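The sequence and structure come first.

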Amino acid sequence: MSGDLRTVAITRDTPVGFEFRGPSRKLARERVWAFSGGPFALEGWPKRNQHTDDAFAKERGLQSARVSGTQYLGYVCGLLVDLFEEGWLSAGTIAAKYVASVQPGDVIYPVATVARKEAVGDAIRFHMEIRCENELGQPVLVGTATGIR
Amino acid sequence: MGDNVTRSAISETRTADQLEVGDEFAPFEVLVTPELNQQYLYAEEDFDPRYWRSQGDLSPLVHPALLLHVSNNTHSPSFRLPRGIVNLQTAEETAFMSLCRVGARLRVTWVVVDRFERRGRTYNTRLARVVDQNGTEILRRTLTGTFVSER
């Protein structure tokens, strides 16, 4: 089962096993620089670091620049805010492990699956399994999250 | 995500891989301007109006990716690594505590809460806390990472 966010939102009746997929996004260099390069107004932007600059990354032993995992963890957070509305930003939790590296240019999409439901007063706390996959369907981030509906 | 470690003085002299349990990084402060928030909307390709349109008298919400990013300890003014070493994030847990809106002045603090060896690598875990100008806790996050040279 899967749901298109534009037509399906999480409700109290959403069953265990239901999978929500957010939109795929290409981690273009410009977007990686915007995330990891410091404020646009910074002199010399983007700041050189292991995320923004291949030469910098190679100087430190990496094969090339790697995208900060926080950038695509943000994709999952965006998906969870879509599902649980703004309340997720004051009561939501998320835990993640980074299981593969991501390079600029990779395409990533977030997934959240209902793993368990728990009654909390009049509300339901959803326990979600989360992941990000690349365009080959390989997981690059896996974890869990909770949200209340 | 407990906060029961004994804190030591903020480390300004040691590199991040040398810090012990109780050591703190220097705090980081940032004013979330509309422009900064919108920079993250571009980075995240997430243009939901809740992040750029005011809601009555309320400013837009700060995107969660910005809140997560500023709580990476690489933002600390005291964060340093030895030459040839990179810090790789391996795992993390975050609890969002309060809504944060554009215009907030955030203060981020970090304390090392665990340090361990696994398969010959040193790992440490930091507790990050983000509070606004009123002292309201916005998020609490534990970050675990290691230090490697892939050469």
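**Chain A**

The model is predicted. Chain A contains 4 helices and 7 strands, arranged along the sequence as β-β-β-α-α-α-α-β-β-β-β. Its C-alpha atoms occupy a box of roughly 55 × 35 × 25 Å along the principal axes. Of the 149 residues in chain A, 52% are buried. Among contacts in chain A with a separation of 6 or more, 58% are between residues 24 or more positions apart.

**The contact between the chains**

Chain A contributes 42 residues to the contact and chain B contributes 40 residues. About 3,400 Å² is buried between chain A and chain B, and carbon and sulfur atoms give 51% of that area. Across this interface there are 20 residue pairs in polar contact, both residues being at pLDDT 80 or more. On the side of chain A that touches chain B, at least two residues each come from E3, H1, H2, H3, helix H4 (88-91) and strand E4 (93-98) of chain A. H3(A) gives the most to that side, with 9 residues.

In H1(A), the buried residues are A:Arg31, A:Val32, A:Ala34, A:Phe35 and A:Ser36. They pack against strand E3 (25-26) and helix H3 (69-84) of chain A, and also against helix H1 (34-44) and helix H2 (64-70) of chain B. After H1(A) comes A:Gly38, which has a positive phi near 85 degrees.

In H1(B), B:Leu36, B:Asn37, B:Gln39, B:Tyr40, B:Leu41, B:Ala43 and B:Glu44 are buried. Their cover includes E3, H1 and H3 of chain A, along with strand E1 (24-31) and H2 of chain B.

**Salt bridges**

Over all chains the structure holds 21 salt bridges, and 4 salt bridges are counted between chain A and chain B.

| Pair | N to O distance |
|---|---|
| B:Arg50 and A:Glu85 | 3.3 Å |
| B:Arg50 and A:Glu86 | 4.0 Å |
| A:Glu85 and A:Arg149 | 3.9 Å |
| B:Arg107 and B:Glu29 | 2.7 Å |

A network of salt bridges links A:Asp82, A:Glu85, A:Glu86, A:Arg149, B:Asp48 and B:Arg50. Within chain A, the salt bridge of A:Glu85 with A:Arg149 joins the loop between H3 and H4 to the segment after strand E7 (139-148), so it ties together parts that are 64 residues apart in sequence. A:Glu85 is partly exposed at 35% relative accessibility, and A:Arg149 is partly exposed with a relative accessible area of 30%.

A:Glu85 also forms a salt bridge with B:Arg50. This pair crosses between chains, with B:Arg50 in the loop between H1 and H2 of chain B and A:Glu85 in the loop between H3 and H4 of chain A. B:Arg50 counts as buried because its relative accessibility is 11%, under the 20% limit.

The salt bridge of B:Arg107 with B:Glu29 lies within chain B. B:Arg107 is in strand E3 (residues 105-118) and B:Glu29 in strand E1 of chain B, and the pair links parts of the chain 78 residues apart. Both residues are partly exposed: B:Arg107 has a relative accessible area of 37%, and B:Glu29 has one of 46%.

**A surface patch and a histidine**

Which residues form a nonpolar patch on the surface? A:Phe40, B:Tyr42, B:Phe47 and B:Trp52 do, with about 420 Å² of accessible area together. A:Phe40 lies in the loop between helix H1 (29-36) and helix H2 (54-59) of chain A. Its relative accessible area is 44%, so A:Phe40 counts as partly exposed.

In chain B, B:His75 is found in the loop between H2 and strand E2 (86-96). Its side chain reaches the backbone oxygen of B:His69 at 3.0 Å. Leaving aside residues up to four places away in sequence, B:His75 touches B:Phe28, B:His69, B:Val70 and B:Trp110.

Notes. Residues are numbered from 1 along each chain as its sequence is written. Chains are lettered from A and ligands numbered from 1 in the order in which they are written. This is a predicted model: local features need pLDDT of at least 70, side-chain atom pairs count only at pLDDT 80 or more; totals for chains, interfaces and linings use all residues. Side-chain values use heavy atoms; hydrogens and water are left out. Patches are made of residues with over 30% relative accessible area and no salt bridge: like charges are joined within 9 Å, nonpolar side chains (Val, Leu, Ile, Met, Phe, Trp, Tyr) within 5 Å. Accessible areas come from the Shrake-Rupley method with a 1.4 Å probe; for residues, only the protein chains shown count as cover. A salt bridge is a side-chain nitrogen of Lys or Arg within 4 Å of a carboxyl oxygen of Asp or Glu. Buried means under 20% relative accessible area, exposed over 50%, partly exposed in between (1.4 Å probe, protein chains only). Contact means heavy atoms within 4.5 Å. A polar contact is a pair of N or O atoms within 3.5 Å; within protein, one must be able to donate a hydrogen and the other to accept it, and residues adjacent in sequence count only if both atoms are side-chain atoms. Buried area is the accessible area (1.4 Å probe) that two parts lose on being put together, summed over both.
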